[in-house]
Amino acid sequence: MANFVQLVILGLLAGGVYVAVGVGFGLVWGVLNIVNLAHGALVIVGGYLTWQLFAAFHLDPFLTLPVDAVALFVLGYALQRGVINRIIRAPLLFTFLLTFGINLVIINILLLIFGSDFRSVTPTYSGQGFEFGSVVIPYVSLTSLGAALLLAAALAFILNRTRIGLAINAIAADRDAAQLVGIDLRHAYAVTFGLGAACAGVAGGLIAMTQAITPTAGEPYTLQAFVVVILGGLGRVSATVVGGLAFGLVEAFGQSIPGSGSVFANAIAFGLMVLVLVTRPQGLMGRLR
Amino acid sequence: MTLRKLALLVAAVVVAAVACGGSTSSGPTTGSTIILGAPLGLTGSLTKESTLTQQGYNLWSDWINARGGIVVNNVKHPVVIKYYDDTSNANQSAVLMQKLITEDKASFLLGPYGSAATATDAAIAEQNQIPMVEANGAAQSIFNQGYKYTFGVLSPANKYLQGVIDMAATLNPKPTTIAMLSADDNFSLEVADGVNTYATSKGMNVVLFKKYKNGATNLSAEVQAAKAANADIVLNSGHLQEAIAINKAAKEQKLNAKIFAYSVGPSTPDFITALGADANYVYGGSQWTPQVKYTPAFYLSVADYVAAYKAKYPGLGDPDYHVAESTAACLALQRAIENAGSLDPKKVRDALAALDVTVFFGQIKFDSRGINIYKPMVVEQIQNGAHHTVFPVSVADAQPKYPTPSWDQR
Amino acid sequence: MIATLDSNRRWRRIFLIVGGVVAAYALLAPLTSLDAAVSANVPLLADRLWFRIATIIAMFVVMATAWNIIGGITGYAAFGNVAFFGIGAYTTGMLIAKAKWPFLLALPLAPVLSAAFAALVGLPLLRLRGHYFAVASLGVGVAVGELVQNIDYGGQPLFGGASGLFLPIYSIDNRGLYFFYLMVAAAAVSIAVTWWVLRSRFGYGLIAIRENEEAAAVLGVNTTAYKVAAFALAAALTGLAGGIFSQWNVFINQDNTFPIEYNVQMILMALLGGTGTVFGPATGAILLQLLIQFLGGTLPISFDIPFVSEAARPIVAQVILGLLLVGVVIFVPRGVIDFFGGRTRLSLSYLRRSLRETSL
């Protein structure tokens, strides 16, 4: 029983990272109709920022998260404004290709700057945690989950309560109508992508604490973002939160299958995603538009 | 550019070329250059390990060229190693192998990094009948194909953690139960298999064997299973990435064991820099450590090798075993060429098969399949942020710190 | 379709130019043997490296052309076609390595099994549209690769497991040449199939589905059957390439037969050349692979990147590749084959116009 409770907790805690990875990916996909294959690379950029600030200035990794968010927002804004906006009217698949190219560029620039060494942020309190009998709740993971939920809440706030957020929602509903009512599409698109990148940056900061990063370490996260966003349902932040936590749970229980079963954790997650798509394309939480 | 200027330029280039050709007038003892080649993952997911491999190759080529080259029948042949980037992609590695053979006229091949690339390239070497000496593909499946032209200087995968079991059997109180975690790639599974078959012979029980997806980013459920198994020894067979993730999760989830040992990871400096004090007490199975004591028949002593590495690559700490085994591959090739007294690929292949020599890396000798089963693996432990060799006792520089204290008492 | 008047001239030009490129490429191979090539003093033809690169190019021609049938002509953005490559490779590989079948007997089963699998998963998957179909097919691709690597039967890996499958080295004279011709034949077949599709009732049905699926259904096109057939056709061709690959490469495992990046590459090639056309994907495959090989330093033409150290060179080459892809996607959104399309020429104004068409 304690083991079961522990697994649930671990799954939810791990889900925090997936929420952070998923919300940005889902926003860009849902609003801009861009499948951002460079999302994982942006995540790792955030990871390196956190690591650099931690290694050079001994800044607490959680305090670096706002820095990641701001820096990645700027990078994302510039990428969308300068590059991706140029193909927004091209067929959908072109976004795959464009972001694939951007992914290649970012990864290799990281390789030039940081080299291929494995980096990880290990603050002094890393590994500490609450203990309830045999059930453990590590501080770092708990705070990460908190940070991820806060990030999702902030994003939801921006989207629903601010002018630019409403503009973004309007674009998601009908791009041409949005343009007609005077929304500056170029700016709004760039802000949207910037927000997505900012979320990726925060996710990267969290990831740098739980694992070691290299320039190529983001690739699994791009794939996982697909599953998270689809599981929850495209288009709403709250749905992605559910998707991320669900993915964490599926992974934890998939891995806990006795014997060699855990190697199928990925296959189970992707299989589940296909099943959700086929039977309930709006996702577990989504609404059909 | 006018035609006249162009003509002048061409003339100048020709003159310069002639001048250069003249200045490298070969002495009586210098022969043709031997071209060696290796495709490596200089970009992509295997960049770290490939870079270490390249460092190992370069250390040797610097050394041999400072001596004028490999001596074959009193003629010195300088050496050039050609590298290409295979972007960590096995199919591209095969293309580059073929380029090295066909276009660069490489006489001999050095191995790529990784079991998948090595397996693909071994088939190319076989079809072209060019010997490939490799240092970074320990999976025995490569050597069970009856290939005649592939040689591996490193101990096979199944030996990686057997040293840890041997060491554990000598400790007091003797640990008896093992929780084995393993990535699901070829190499890691062979390592795990080696443990599973070997443990019982040392009176130990594998109470948990769990495979996980290679490259998994979150291993907390695996660590939880190991905790539930309550074993004396926690072994991981995977890669640096997973070793770091498991160690972090073990601390978070209060997984306490008497021994934590990982196949790959602890020997690299990155493991200590990434984990800080949490890296202490971790054991690693290693092909080689800077503390081993072997009496080399040629090339540098262990201490000189470490010094040479630090001089060429300052700021990177001690060379780890990826570097050393890569250098050893070059040494095996060098000695085989010398023994063969020829640059003929077939004769060198036969000399490789008959090779038996001890260098700073240990004994290099190949079994009938072409892999080096004669060199023992060593066990190292991280103590106070530094690597120490703790087993076998004959090469050790420290006692194992045993048992590992629980996480809240460190 | 708007420019029906132009279309004859346009097709003739496309056919002449691209067909010429493809023919020249195929004919570069010696017609007899390596020895003949050597004695005829044609060094390129005696070159095993050239054969290896050319075989890989042909392999991608098959994959990109096959993808075009479902992705370009039918308009369903399959993002998991590498699963069919892997299934084809493993079908042939298993039959040869485990059942000891001869290669030529094992090869035909590769497309058959791939197509059967595609039909099976296609039925539910092809009900999805747009990105949803892309993501679902990606999920199938990933899941199949993992299952193949990890399924055990009676404690033993069923498909060779993580060790992969080692096939016996096919002993035949001029091995490189043999597989080169096989792969080129597969490429020719896939191009011919596309040519036929675009001229058949079947193909018109597929195009109708791409342009407006509901309307197509109203017009009496059995959309489900058409889509599944197109998917299975693409899978069969891709599986054929996989089957040839397994014996050619001798060693197969999850890494080299289910690489996710191939999904991206085949789409990239098709878009680069021009989707929905007969020769576009093939042209894209040849161009992109040559570019990759050129930047990787495999081609005889060498180049220097100024101000870059030896160690950083391969990394910078990858950055350049990424930038080139970005540039091509931005400036040539209709594919390079558009230049040969009769109405457009590669010029500054063309680049400016295509930029304007697609940007915000």
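**Notebook: chains C, B and A**

I began with chain C, whose secondary structure comes to 16 helices and four strands. Here helices (H or I, at least four residues) and strands (E, at least two) are DSSP runs, numbered from the N terminus.

The model is predicted, so I noted the limits: local features need pLDDT of at least 70, side-chain atom pairs count only at pLDDT 80 or more, and totals for chains, interfaces and linings use all residues. Residues are numbered from 1 along each chain as its sequence is written, while chains are lettered from A and ligands numbered from 1 in the order in which they are written.

**Chain C, continued.** I looked up burial and found that buried residues make up 56% of the 360 residues. A residue is buried if 20 or more other C-beta atoms lie within 10 Å of its own, exposed if 12 or fewer, and partly exposed in between, with C-beta atoms placed from the backbone. Of the contacts in chain C with a separation of 6 or more, 76% are between residues 24 or more positions apart. Two residues are in contact if their C-beta atoms, placed from the backbone, lie within 7 Å.

**Strand E11 of chain B.** I checked both faces of E11(B), residues 259–262, and both are covered. Ile259(B) and Ala261(B) are buried on one side, and Phe260(B) and Tyr262(B) are buried on the other. In a regular strand the side chains alternate between the two faces of the sheet.

Next I looked for the partners of E11(B). Strand E10(B), residues 233–237, pairs with E11(B) in the parallel sense over four bridges; two strands pair if DSSP finds at least two bridges between them. I found Val234(B) opposite Phe260(B). Strand E12(B), residues 283–286, runs parallel to E11(B) and is joined to it by two bridges. Ala261(B) stands opposite Tyr283(B) in E12(B).

I then followed the chain between these strands. From E11(B) it passes through helix H9(B), residues 269–275, to E12(B) in a right-handed β-α-β crossover. E10(B), helix H8(B) (residues 240–252) and E11(B) also make a right-handed β-α-β unit. Right-handed means that, with the strands pointing away from the viewer, the path from the first strand over the helix to the second runs clockwise.

**Gln409 of chain B.** I located Gln409(B) in the segment after strand E16(B), residues 386–391. Gln409(B) is exposed because it has 7 other C-beta atoms within 10 Å. Its C-alpha atom is separated by 52 Å from that of Gly146(B), 263 residues apart along the chain.

**Chains A and B.** Last, I noted that their contact takes 34 residues from chain A and 35 residues from chain B. Helix H1(A), residues 2–32, gives the most to the chain A side, with five residues.
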